[in-house]
Amino acid sequence: MTRDDKLRQIATEFGFDPDEEIKIGGKYTPILVDGNVAYIAGQIPRVGDTVRFVGIVGESISLDEGRRAAATSTLRALSLIRKHCGSLDAIQAVPRITVYVRSASDFTMQSEVADGASDVLYSVLGEVGIHTRTSVGVMQLPKGASVEVDFIFSVRT
């Protein structure tokens, strides 16, 4: 099964269409490629026009829902790479991701939420999806989202 096929399979499980237009919320580009480095702007768990998993992890959003939010955000990023490069086979490495978790004041499981993003990267990309990451708790995120993830990919151009 190709990486693109794996993306479609996992996206279906999450109710996400990897061919849908990726909506952005401002005057920026969601992907910028400089040489062989692709920078992906922070992705929230938006599907179509709907932001899923709105709320605070550890209060109105469970750990599992937070993980699903991180996974959905990652599916969006992979879709952006696939559209820009033509295939996920262009990805050579994932040097870094940063996962922002809108957290309750006593919630300390940001790393476990970030596992949702890491699991998708590894499931779709295999060994190439192994990455470094930082996960942090924050007070607020765009559109009330519970999670936002940004990415740096190494790609063949």
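The model is predicted, so local features need pLDDT of at least 70 and side-chain atom pairs count only at pLDDT 80 or more, while totals for chains, interfaces and linings use all residues. Residues are numbered from 1 along each chain as its sequence is written, and side-chain values use heavy atoms, with hydrogens and water left out.

Helices and strands are DSSP runs, numbered from the N terminus (helices are H or I with at least four residues, strands are E with at least two). Two strands count as paired if DSSP finds at least two bridges between them.

Strand 1 covers residues 31-34 and strand 2 covers residues 37-43. They pair in the antiparallel sense over four bridges. V33 stands opposite A38 of strand 2. The bridge partner of D34 is V37, also in strand 2. The hairpin of these strands has two residues between them.

Helix 1 spans residues 3-13. Its residues R3, D4, L7, I10 and A11 are buried (under 20% relative accessible area; exposed means over 50%, partly exposed in between, with a 1.4 Å probe and protein chains only). These residues cover an arc of only 130 degrees around the axis, which puts them on the same side of helix 1. The arc is that of the directions from the helix axis to the C-beta atoms. The face turned away from the buried side carries the exposed residues T12 and E13. The buried residues of helix 1 pack against helix 2 (63-85), strand 5 (91-102) and helix 3 (110-125). G15 follows helix 1 and has a positive phi, near 70 degrees.

The largest nonpolar core holds 42 residues. Such a core is a set of buried Ala, Val, Leu, Ile, Met, Phe, Trp, Tyr and Cys residues joined through side-chain atoms within 4.5 Å. L78, I81, I91 and F153 touch the most other members. Helix 1, strand 2, helix 2, strand 5, helix 3 and strand 7 each give two or more residues to this core. Helix 2 gives the most, with eight residues. Beyond its neighbours within four places in sequence, I91 is in contact (heavy atoms within 4.5 Å) with R3, L78, I81, L125, V128, F153, S154 and V155.

Q110 lies in helix 3. At 12% relative accessibility, Q110 counts as buried. Leaving aside neighbours within four places in sequence, Q110 is in contact with V101, S103, S135, V136 and G137. The side chains of Q110 and S103 are joined by a polar contact of 3.0 Å. A polar contact is a pair of N or O atoms within 3.5 Å; within protein, one must be able to donate a hydrogen and the other to accept it, and residues adjacent in sequence count only if both atoms are side-chain atoms. A polar atom of the Q110 side chain also lies 3.1 Å from the backbone oxygen of F107.
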